[in-house]
Amino acid sequence: MCSGRVDMEFVLRAFANGMDGVFIGGCRLNDCNYTTHGNYYALNMVLLCKRIMEHIGLNPERLRIAFMSSAEGTAFAEVMRQFGDEVRQLGPLGKGEGIDLGQLKSRLAEVRKLIPYIKIVENEKLALRLADPADYDRLFTRDEIDELLSTVVSYYIDPDRCQACMICARRCPVEAIVGAKDQIHVIEQETCIKCGTCFDVCPTRFGAVAKIRGEPVPPPLPVRERMIVRGGAWRSG
Ligand code: SF4
Ligand code: SF4
């Protein structure tokens, strides 16, 4: 596949499965046969992924991207030999970093759940094609990614405002919203990928979806209290 199709999830899943290093090979930059230049996307994804790896304590040198043509077999062999040597020097995953493997896997699991959110937030930068290679050093900073991952947004449906119009549940891409006709809707936080669609589509006259940052999400309304009785302006309890 085009290197632009290598998703951040594939990389982090490889580490979660215990791989000591991940290598991505792409066509030479500016040599793309199409107008898509997916190899730039791959480069940006790798740079972002490296900052995420640093955030969770993983050595970013375990991830490498290199660009070459399919005719450059010797160059490819040399790059792979070097990368293999470097990864061997880094040691086994986790051990090289001095982190317990179980702990590392749980950090990877947490951050993998946030991949859709990270991609939405960093969407514009991921699609950039920078002319000056020096600009890539500044594309994603450690501070920016630390801030992003420590102030993750959550979405919450205010039970006092929800009118059970069902629009958000129909539009949620991962079926994270539980609700039915005349039932106050509730977001399952474990399933939510924080895309923000429910926030955008909830009619402004209801304004029932709240964006929460840096605070715990209120517990979901108990199922027995979710029924709305029209006209009587009360909900069962
Ligand atoms: S933020 Fe996105 S994924 Fe989460 S509940 Fe809303 S629509 Fe669904
Ligand atoms: S779109 Fe808003 S009012 Fe309609 S069900 Fe969802 S949260 Fe409730």
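On a 1 Å grid over the protein atoms alone, a cavity is a set of points where a 1.4 Å probe fits but cannot get out, whereas a pocket is an open set with protein on both sides within 12 Å along at least five of seven lines, and lining residues have an atom within 4 Å of a point. The model is a predicted one, in which local features need pLDDT of at least 70 and side-chain atom pairs count only at pLDDT 80 or more, while totals for chains, interfaces and linings use all residues. Residues are numbered from 1 along each chain as its sequence is written, chains are lettered from A and ligands numbered from 1 in the order in which they are written, and side-chain values use heavy atoms, with hydrogens and water left out.

The search of the whole structure finds two cavities of 30 Å³ or more, where grid points are joined across faces, edges and corners and a volume is the space filled by probe spheres set on the points. The second largest cavity holds about 70 Å³, and of its 13 lining residues, Cys162, Gln163, Cys165, Cys168 and Cys202 lie nearest its centre. This lining divides into 11 nonpolar, two polar and no charged residues, with Ala, Val, Leu, Ile, Met, Phe, Trp, Tyr, Cys and Pro counted as nonpolar, Asp, Glu, Lys and Arg as charged, and the others, Gly among them, as polar.

The largest cavity, with a volume of about 80 Å³, is the space taken by ligand 1, in the sense that more than half of the molecule's atoms lie within 2 Å of the grid points. Among the residues that line this cavity are Pro173, Val174, Ile177 and Lys194. Around ligand 1 itself there are 13 residues, the closest being Cys172, Cys192, Cys195, Gly196 and Cys198, where a residue is near if one of its heavy atoms lies within 4 Å.

Lys194 also belongs to the largest pocket, where Lys194, Glu110, Val111, Lys113 and Leu114 are the closest to the centre among 14 lining residues. This pocket contains about 300 Å³ of space, and the largest share of its lining, four residues, comes from helix H4 (residues 101-113), helices being DSSP runs (H or I, at least four residues) and strands likewise (E, at least two), numbered from the N terminus.

Helix H1 (residues 8-16) is largely enclosed by the rest of the structure, because seven of its nine residues are buried, that is, under 20% relative accessible area, against over 50% for exposed and in between for partly exposed (1.4 Å probe, protein chains only).
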